[in-house]
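I opened this notebook to record what I looked up in the structure, entry by entry.

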Amino acid sequence: MPALLEIRDLKKHYPLRRRLFGRGGGTAKALDGVSLSIGQGETFAVVGESGSGKTTLGKTILRLIEPTSGSVQFEGREITGLGANELRRLRTDMQIVFQDPYGSLDPRWTIGQTLEEPLRTHLRLSDEDAKGRIERMLEVVGLSKQHASRYPHELSGGQRQRVGIARALITEPKFVVLDEPVSALDVSIQAQILKLMQELQSRLSLTYLFVSHDLSVVRYISDRVGVMYLGKMVETGPTAELFERPLHPYTRALISAIPEADPAKRRERITLSGEVPSPRNPPSGCAFHTRCPMARPECRSVIPEWRQVSENRSVACHLYNEESRDES
Amino acid sequence: MNRWRQALRSRLAIVGLILVAVWVLFALLAPWIAPYPPNEIQMQDKLLPPSAAHWFGTDNFGRDIFSRILYGARVTVWTGMVSVGIACLIGIPLGAAAGYFGGRIGNLIMRVMDTLLAFPSLILAMALAASIGPGLLGALLAVGIVAIPEFARLVYGQTVVIKEKEFIEASRALGVRDKAILFRHVLPNAFAPLLVQITLGLGSAVLTTSSLSFLGLGVRPPTSEWGAMISYGRDYIISGEWWMTVFPGIAIATVIFGFFLLGDGLRDAFDPHGRTRRVTRRIKRFSTHTHTGSGQSL
């Protein structure tokens, strides 16, 4: 699979403002050196708790948030340094579907106007052509052309999310960031929307970055998974393999927390103690050591390296150093 | 639009709307309704009390006060519209730019606005009117400039809130230009509070213009303007010719009352949170306005 998107050591640090009295300063590391590559036609899921930087990752790739450093290559082209006009042209190829189907549509615009905006911005279409394209797009996402004259408040959450998808896809992008696209929806609607996105993916040969905290959804939709913790990628791997045999203790804990439908299957559940530490003041060494059930002395002081442990799996954990693997 | 219906359901807002509409009609139709030319001096008829011939009496030059009030409505409507127009034209872009782009320039704009707001508005208007030069134009500019920070601050606040909404980010992700986002998404979503501010601003503008004229910084004689009319009548209160001050005073009061009632009605309709009756508070402010000059903050 050729890589469509290649991300190297992507960082987003927010400077903390010094307060008028007392201390402050420093930076909050929302993204702290993330590298990954996403293949053409692939669905790569990013999971993690809130505050792990997964949404920041998606938005930084699209440069909705400007990265502090690092590189993002789209189809072999570096996009972090692009000027406003080049970036605008690139927008037709890279799109995003937002989490909140209520907040992501302008309440004063009809659905038709909302879908027209990307067409007007990028393509010179006649009114007829634009109208036809909007109507076709509405049908593609499972709405009817009558919806074009409706306002967002007249639609249900699921319908609005379909509009959000239509807006993202109407310029025929190659890569779409799905930022928790179903977490605001009822479970019954979630399945419909996920299915729609899968259909559209194969039909339009789309590549997805799927940001989610819902592991059962991720397991269903993604080809590969990356697990994030405090702005760092801690583990990546093919979905089935990663769920079968998680390497990083954090991944193990997350997966053990998925509710099991079969009560006969008993699994050991790993309960993590404590809160996610603040990215303003992350723990030394491995950021996860404060909550890790398998922490060792070196975890406090030494930042674990991002290493490839098998052909398609990588992990950042001291448990998988060369020596320790020999031991086990 | 439900909110419009809601505003219309409020009886006080209707009263306000009617008051404003009546005065606008008077202003438009003054040449046809007025029984006398407004500036016609009839010294033999001076200081006549209200009667069938002169409904509101005559002033010290024998001019018909009713006619002068009708013509005064033209000045009032005109000054209100022009000065609020100036305030909108300058204040809205300043506030929107400061809110949307932020940064050092945005900060600078808003600090200048804060500085202007820190002055009592009447004092500031007086200083401006005096420096621009007396006359209607000076008063209009002064009143307009004084109202700029109110609009700038309102739009700034709205813009800061609206630009964080996801639909703005969605437009940015689509590559829509900032200018288009600002004019097509941000400002239309700030329309409701702006409309309220415009209505209230009209009331304040009328009051400030009248105050300036009363102090001799507004229109030049013989133009009939309500504040100026009160000023002329001032000397005659003690000698008993009350009609020279009372009728223009009632005119000013009803116009401002109308705008404030309408503005409050609209605000209540557009803002589901603060459904308290603000009219009483506004009337209280109205009475302190002439002393301190402040009283228009939201």
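**Entry 1: helix and sheet in chain A**

I first looked up helix 6 of chain A (residues 187–204), which lies across strand 3 (43–47), strand 7 (175–179) and strand 8 (207–212) of that chain. I noted an angle of about 160 degrees between helix 6 and strand 8 of chain A. I record here that the model is predicted.

I then traced the sheet in chain A. It is an open sheet of 8 strands in the order 6-7-8-3-9-10-12-11, with mixed pairing. Strand 6 (94–97) and strand 11 (307–310) of chain A each have a single partner strand and stand at the edges, so one side of each lacks a neighbour in the sheet. From one strand to the next, I noted an average twist of 20 degrees.

**Entry 2: strands 9 and 10, and A:R224**

Next I looked up the pairing of strand 9 (residues 224–229) with strand 10 (residues 232–238) of chain A. The two run antiparallel and are joined by 6 bridges.

I followed one residue of strand 9 of chain A, A:R224. In strand 10 of chain A, the residue opposite A:R224 is A:P238. The side chain of A:R224 also reaches the backbone oxygen of A:S37, at 2.4 Å. Setting aside neighbours within four places in sequence, I listed the contacts of A:R224 as A:S37, A:I38, A:E42, A:T43, A:F44, A:A45, A:G237, A:P238 and A:T239.

**Entry 3: chain B against chain A**

I turned to the interface and asked how many residues of each chain are in contact. I found 15 residues of chain B in contact with 23 residues of chain A. The buried area between the chains is about 1900 Å², and carbon and sulfur atoms give 51% of this area. On the side of chain B, the residues that lose the most area to chain A are B:E166, B:A173 and B:L174, together 34% of what that side buries.

I then looked up polar features. The rule finds 1 salt bridge across the interface. A:K59 forms a salt bridge with B:E169, and the closest N and O atoms are 3.0 Å apart. I counted 14 residue pairs in polar contact between chain B and chain A, both residues being at pLDDT 80 or more.

Finally, I asked which helices of chain B supply at least two residues each to the side that touches chain A. These are helix 7 (166–173) and helix 8 (178–189). Helix 7 of chain B gives the most, with 7 residues. By class, I recorded 6 nonpolar, 4 polar and 5 charged residues on the side of chain B that touches chain A.

Notes
Residues are numbered from 1 along each chain as its sequence is written. Chains are lettered from A and ligands numbered from 1 in the order in which they are written. This is a predicted model: local features need pLDDT of at least 70, side-chain atom pairs count only at pLDDT 80 or more; totals for chains, interfaces and linings use all residues. Side-chain values use heavy atoms; hydrogens and water are left out. Contact means heavy atoms within 4.5 Å. Buried area is the accessible area (1.4 Å probe) that two parts lose on being put together, summed over both. A salt bridge is a side-chain nitrogen of Lys or Arg within 4 Å of a carboxyl oxygen of Asp or Glu. A polar contact is a pair of N or O atoms within 3.5 Å; within protein, one must be able to donate a hydrogen and the other to accept it, and residues adjacent in sequence count only if both atoms are side-chain atoms. Helices (H or I, at least four residues) and strands (E, at least two) are DSSP runs, numbered from the N terminus. Ala, Val, Leu, Ile, Met, Phe, Trp, Tyr, Cys and Pro count as nonpolar, Asp, Glu, Lys and Arg as charged, and the others, Gly among them, as polar. Two strands pair if DSSP finds at least two bridges between them. Axes are lines fitted to C-alpha atoms, for helices over the stretch in contact, and angles run from 0 to 180 degrees between N-to-C directions.
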